[in-house]
Every structure is written in C-alpha cells, then in structure tokens.
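Dear colleague,

Please find below the structure that I am handing over to you. My findings follow directly after it.

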Amino acid sequence: NGIVDAVEPGLACGSDTSHMNLLGYDPRKYYHGRGAFESMGAGLPMAPGDIAFKSNFATYNPATGIVEKRRADRQFEHLGPTLCGALDGLKLPSFPQHQISVRYATEHRCGVVVRGPGLTDAVSGTDPLKDNLPLLTAQPLDDTFEAQHTAAVVNELNIEIQHILGAHPINKQRVAEGKNPANVVLLRGCGSRINVPSFEKLHGMRACIVAPTKIIAGECIQSEGFDGIGGL
C-alpha cells in the first residue's frame, strides 16, 4: 500500500519479491520468476532444470487472436480442478521428451510445470496482461540455444492447451449457456526453482506461516524450514 518499502525506496515490487525480501532473501540475488512459487504452492514438485508458470484460465477468440477476458471466471473452484486434470500430463508432439504437469491453485489460477532437457526461465510468456489484446507468443530473452528451444516448447504447449480446452465438455456447455469459455491458459512469470539457504540456517529458527495465496506458500516451500504451510 506504499507505507513500507519492501526492498528499497523507490523500487516497486510485486508480492513475490516483497515477501522474499521480508523473509530475508534478496530478490536481486535469488529471484528467478514467480511461476515456480505459484506452482510449488499449488502442490507441484519441481527439480533443478524445470520451469514453471503462474497461469490464468482465460477466454480467447481464436478467430481474431484476441484474449477477450484474462480471467474467464473468478468463481472457478468447481471447474478449475477438472480442467487442470484434463491438461495434466498432456503430450507435446514435437517434444515427446518433455513432461507437463498442471495443478489448480485458486480462483482462475493454476500452476504449470514443464520438465525436460534444455530448458531455461529466460523466456517471455503468452499473457497480454490486459483484456482485448492479442495472445502473445513466447520469446527467448537471450541469445542462447536453451532460450530459443524453451520458447518453442512453450509455444507448442500453448497450442496444445487450446486444443484440449476448446474441445472440453465444460467449455462446450459454458458456450451453450452464454458464458465465457475457459479455452486458454495464459502462461506468465516463467520461473525455475531457486537455490537458497533454508530459513532455519539463515535465521537460526524454524517458522510457521499461514499463507493466503499459493504464491506465498510456494516461496516458503522453496525456503524450507517452515511448518504449517498452507494456501487458502
């Protein structure tokens, strides 16, 4: 709310980097995207080399290429787990060596983890960040082979997600009822599991936290040394 400078004066931070610093981990040193926090908080395991996205179920118009609603529906608790189950384990035809895991988080959100060789978190996402803008394609953020390879994996993942969700009975029913279909998952905040000293080692004590969101729970899971982790 502007009362506290979570990292340093004049530096605007999100909830992920702010909480990292409050817990004693300098985000300028350790931060590698928020996707891993959301996904691990939702219950998805991550190993070194995996990448993950903080993701939204959204409404996409394939005829125009426009994301009409970044949040298909905030009242999504009864639909999210089923749609995530349909996406979990999906196959990428061009990248059969890569594994996809999807887990429901809260409201319209889910975590998406990609496991396989040659991945990096140095890629952009597909989320235009506002309604009524074109769906983006993932782009490499550096000139490495890994970044270009990862962008290709993510873009094929985006296409396969659309195929599955567009044909799902839940979305066919929503369209018939005049509701927004949840026919795309916006992938944003690509991140990897960070390697940090445990909270106990860093501060000489264990801690307990009640986390209001999956992203904060995920930060605590990666920090280790916490009891009673939960995402409400």
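Of the 232 residues in the protein, 49% are buried in this predicted model. The accessible surface comes to about 11,100 Å², and carbon and sulfur atoms hold 53% of that area. The secondary structure consists of eight helices and eight strands.

I would draw your attention to strand 4, which spans residues 109-115. Six of its seven residues are buried, so the strand is largely enclosed by the rest of the structure. Strand 4 pairs with strand 1 (residues 51-61) in the antiparallel sense, over six bridges; within this pairing, S55 has C110 as its bridge partner. Strand 4 also pairs with strand 3 (residues 99-104), again antiparallel and over six bridges, and here I100 stands opposite V114. Strands 3 and 4 form a hairpin with four residues between them, in which E107 takes a positive phi near 45 degrees.

The salt bridges deserve a separate paragraph. Side chains of opposite charge can pair when their charged atoms come close. The count for this model comes to six salt bridges.

One of them joins the side chains of D50 and R115, at 2.7 Å from N to O. D50 lies in the loop between helix 3 (35-41) and strand 1, while R115 belongs to strand 4, so this pair ties together parts that are 65 residues apart in sequence. D50 is buried, with a relative accessible area of 3%, whereas R115 is partly exposed at 34%.

A further salt bridge is formed by D73 and R174, at 3.3 Å from N to O. This pair links distant parts of the chain, 101 residues apart: D73 is in the loop between strand 2 (66-69) and helix 4 (80-87), and R174 is in helix 6 (residues 169-176). In this case the acidic residue, D73, is partly exposed, with a relative accessible area of 23%, while R174 is buried at 7%.

E177 and K179 form another salt bridge, their closest N and O atoms being 3.4 Å apart. Both partners are partly exposed: E177 has a relative accessibility of 45%, and K179 one of 44%. Finally, R70, D127 and R188 are linked in a network of salt bridges.

With kind regards

Conventions. Residues numbered from 1 in each chain as written. Predicted model: local features only at pLDDT ≥ 70, side-chain atom pairs only at ≥ 80, totals over all residues. Heavy atoms only, no water. Helix = DSSP H or I, 4+ residues; strand = E, 2+ residues; numbered from the N terminus. Buried < 20%, exposed > 50% of the residue type's maximum accessible area, 1.4 Å probe, protein only. Areas by Shrake-Rupley, 256 points an atom, 1.4 Å probe, with all protein chains shown as cover. Pairing = 2+ DSSP bridges. Salt bridge = Lys/Arg side-chain N within 4 Å of Asp/Glu carboxyl O.
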